[in-house]
Amino acid sequence: METPFRELDEQGYTVLEDLLTSQQVEKAIEALRGSYQESQVSAHEPGSLRTHNLTARAGIFREIIQLPRLVACMAHLLGSDYILSDMGARSPSPGMAAQGLHRDGGPFVPNPPYNAHMVLPLAAQSLMALSAFTAENGATRLVPGSHLRDIDSATVPVEEERLFLCDPGAVLIYDNRMIHGGGANTTGEIRYAVQGFCCRSTTSPFCDHTRSIAKELVEKATPLLRRLWGFECQSAWEESPREFKIVEAPGAQPRFDYNRGIR
Ligand SMILES: O=C(O)CCC(=O)C(=O)O
């Protein structure tokens, strides 16, 4: 993993080719189509199909968010106790215009002049291509090295953009500070993709999985998935004076629990 780690540090992104098998890609598309049929689909960006909290919705999403090469890259960027912020999907429909360039999840934060990996980045994306990404169907545009530059995304010259062109099953991992944006889809087909957005355990995730995942799924989950769902870094609430509670999960070892002390 030396090369992907170096690329993440220097360019802000790396590509894991063939991370998903063709069976996993097929299953993920089928499950996504099912999720898009539900009425709770986000209207955040008209023209692209959006859905959230995918690890609650199908086993295939719980499987692919735990793939070892992806986990290794996320741990490199976010520390070995990183968590899942949310797994969602953005699939631009035919005719969808390009997105503006942007950074995910917040403003630019510069690397401080000490061991940057202790604190930065705060979040990272794994963009999983379920369709082939082409210049015509909205391949993601990205600006290499922009995770380290304090520049306005809106002013980046087009010559600095690169396209993430790939076969289905490839995954683009990037530091959330890297400037990027979806391309225009000028074809007649949906471009399918899933986004496993992760963050440091000290950052609030977009989705509170401790309260969004059914108890039966938590009981069956691997220790890694329970950690990704945030069961080990929960905020406690005071139910009655001096009696703090967290959401129970079998086997999870909360890092901080008022009643039992700090691990
Ligand atoms: O769909 C893509 O290619 C990029 C999506 C993206 O940047 C976003 O949803 O913020």
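**Reading sheets and rings**

Trainee: How many bridges join strand 4 to strand 7?

Mentor: Five bridges join strand 4, residues 123–129, to strand 7, residues 171–175, and the two strands run antiparallel. Please keep in mind that this is a predicted model.

Trainee: Which residue of strand 7 is the bridge partner of Ala-124?

Mentor: The bridge partner of Ala-124 is Asp-175.

Trainee: In what order do the six strands of the open sheet stand?

Mentor: The order is 1-7-4-9-3-2, with antiparallel pairing. Strand 1 (13–16) and strand 2 (48–51) each have a single partner strand and stand at the edges, so one side of each lacks a neighbour in the sheet. From one strand to the next, the twist averages 20°.

Trainee: Which strands does helix 1 touch as it packs on the sheet?

Mentor: Helix 1, residues 2–11, touches strand 1 and strand 7, and its direction makes about 145° with that of strand 1. Helix 4, residues 68–78, lies across strand 1, strand 4, strand 7 and strand 9 (193–199); it runs at about 160° to strand 4.

Trainee: What is the order of the three strands in the other open sheet?

Mentor: That order is 6-5-8, and the pairing is antiparallel. Strand 6 and strand 8 (180–181) are the edge strands, each with a single partner, so one side of each has no neighbour in the sheet. Strand 5 and strand 6 are joined by two bridges. Leu-163 in strand 6 is the bridge partner of Arg-141.

Trainee: Let us turn to the rings. How many aromatic pairs are there?

Mentor: The count comes to two aromatic pairs. To classify a pair, one reads the angle between the planes: over 60 degrees counts as edge-to-face, under 30 as stacked. The planes of Phe-133 and Phe-164 stand at 65°, with ring centres 5.4 Å apart, so this pair is edge-to-face. Phe-133 is in the loop between strand 4 and strand 5 (141–142), while Phe-164 is in the loop between strand 6 (162–163) and strand 7, so that the pair links distant parts of the chain, 31 residues apart. Both residues, Phe-133 and Phe-164, are buried.

Trainee: What are the angle and the distance for Phe-197 and Phe-206?

Mentor: Their planes are at 20° and their ring centres 5.2 Å apart, so the pair is stacked.

Trainee: Is Phe-206 buried or exposed?

Mentor: Phe-206 counts as exposed because its relative accessibility is 60%. Phe-197, at 6%, counts as buried.

Methods:
Residues are numbered from 1 along each chain as its sequence is written. This is a predicted model: local features need pLDDT of at least 70, side-chain atom pairs count only at pLDDT 80 or more; totals for chains, interfaces and linings use all residues. Side-chain values use heavy atoms; hydrogens and water are left out. Two strands pair if DSSP finds at least two bridges between them. Helices (H or I, at least four residues) and strands (E, at least two) are DSSP runs, numbered from the N terminus. Axes are lines fitted to C-alpha atoms, for helices over the stretch in contact, and angles run from 0 to 180 degrees between N-to-C directions. Contact means heavy atoms within 4.5 Å. Rings of Phe, Tyr and Trp (its six-membered ring) pair if their centres lie within 6.5 Å; planes under 30 degrees apart count as stacked, over 60 as edge-to-face and the rest as tilted. Buried means under 20% relative accessible area, exposed over 50%, partly exposed in between (1.4 Å probe, protein chains only).
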